[in-house]
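Here's a quick tour of one protein chain, from a few individual residues out to the overall fold. Have the viewer open as you read.

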Amino acid sequence: PGLDLRTPDRFHFRQAKVINNSVNKQYNYLTINRGTMHGIKPETGVISARGLVGVVQNVSTHYATVISLLNTRFKVSAKLRDSGFFGSLEWDGQSYRHAILSEIPAHAPIQVGDAVVTSGYSTIFPEGVLVGTVEEFELGEGEGFYRITVKLSVDFKNITYVEIAEKVAGDEQRNLEKVTQDD
């Protein structure tokens, strides 16, 4: 059977080089050497060979800025790869090697070392892009959700090349969801 390439859920990928990067602020960004003349658009996902990096925010003719996963304003829908339970992943502004996955229910099976990947519940990232692995987890007394510390797969102090992922029918999906939300 294989993958039907006519499906609107497929993504186009464009390569870029990171030419500026920060990791020691609360609102970290990267700059890449590709812009509108290379087909780069805002609100497209940025990944590396090791996993999730961020989202294109602003674009000029030759360059684009990327809001990094290491930005306290960035959230992404992520899931435990094996069980499929999904939640919200965000950086807590602490270590550049870790992020926090929340909203995973207490009945979800979880172990140290479990892979955490993108859920695919957005127009920005394909499903299954590696984010990292479960390093530790805790369940607060009387709470129904885990607080999971995820060791990030990308070392943001050592990132040179990235790919920009653009969903083929992403605008169509975003527009339909906005109309539905506004109903």
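Where is the place of E103? E103 is in strand β8, residues 98-105. Before going on, note that this is a predicted model, where local features need pLDDT of at least 70, side-chain atom pairs count only at pLDDT 80 or more, and totals for chains, interfaces and linings use all residues. Residues are numbered from 1 along each chain as its sequence is written, and side-chain values use heavy atoms, with hydrogens and water left out.

Most residues other than glycine have a negative phi. E103 isn't a glycine, yet has a positive phi of about 75°. E43 isn't a glycine either, and its phi is positive at about 60°. You'll find E43 in the loop between β2 (27-32) and β3 (45-48).

Buried here means under 20% relative accessible area, exposed means over 50%, and partly exposed lies in between (1.4 Å probe, protein chains only). The areas come from the Shrake-Rupley method. Here's how some residues score:

| Residue | Relative accessible area | Class |
|---|---|---|
| F156 | 0% | buried |
| E135 | 36% | partly exposed |
| E43 | 45% | partly exposed |
| E103 | 46% | partly exposed |
| Q181 | 67% | exposed |

F156 sits in the loop between β11 (145-152) and β12 (161-167). From F156 to S102 it's 54 residues in sequence and 22 Å in space, C-alpha to C-alpha. Q181 belongs to helix α1, residues 170-182. Q181 and T160 are 21 residues apart in sequence, and their C-alpha atoms are 38 Å apart.

**A negative patch**

E135, E136, E138 and E143 make up a negative surface patch. Such patches take residues with over 30% relative accessible area and no salt bridge, with like charges joined within 9 Å. A salt bridge is a side-chain nitrogen of Lys or Arg within 4 Å of a carboxyl oxygen of Asp or Glu. E135 itself lies in strand β10, residues 130-139.

**The whole chain**

Of the 183 residues, 42% count as buried.

Terms used: Patches are made of residues with over 30% relative accessible area and no salt bridge: like charges are joined within 9 Å, nonpolar side chains (Val, Leu, Ile, Met, Phe, Trp, Tyr) within 5 Å. Accessible areas come from the Shrake-Rupley method with a 1.4 Å probe; for residues, only the protein chains shown count as cover. Lys and Arg count as positive and Asp and Glu as negative; His and the chain ends are not counted. The place of a charge is taken as NZ of Lys, CZ of Arg, CG of Asp or CD of Glu. Helices (H or I, at least four residues) and strands (E, at least two) are DSSP runs, numbered from the N terminus.
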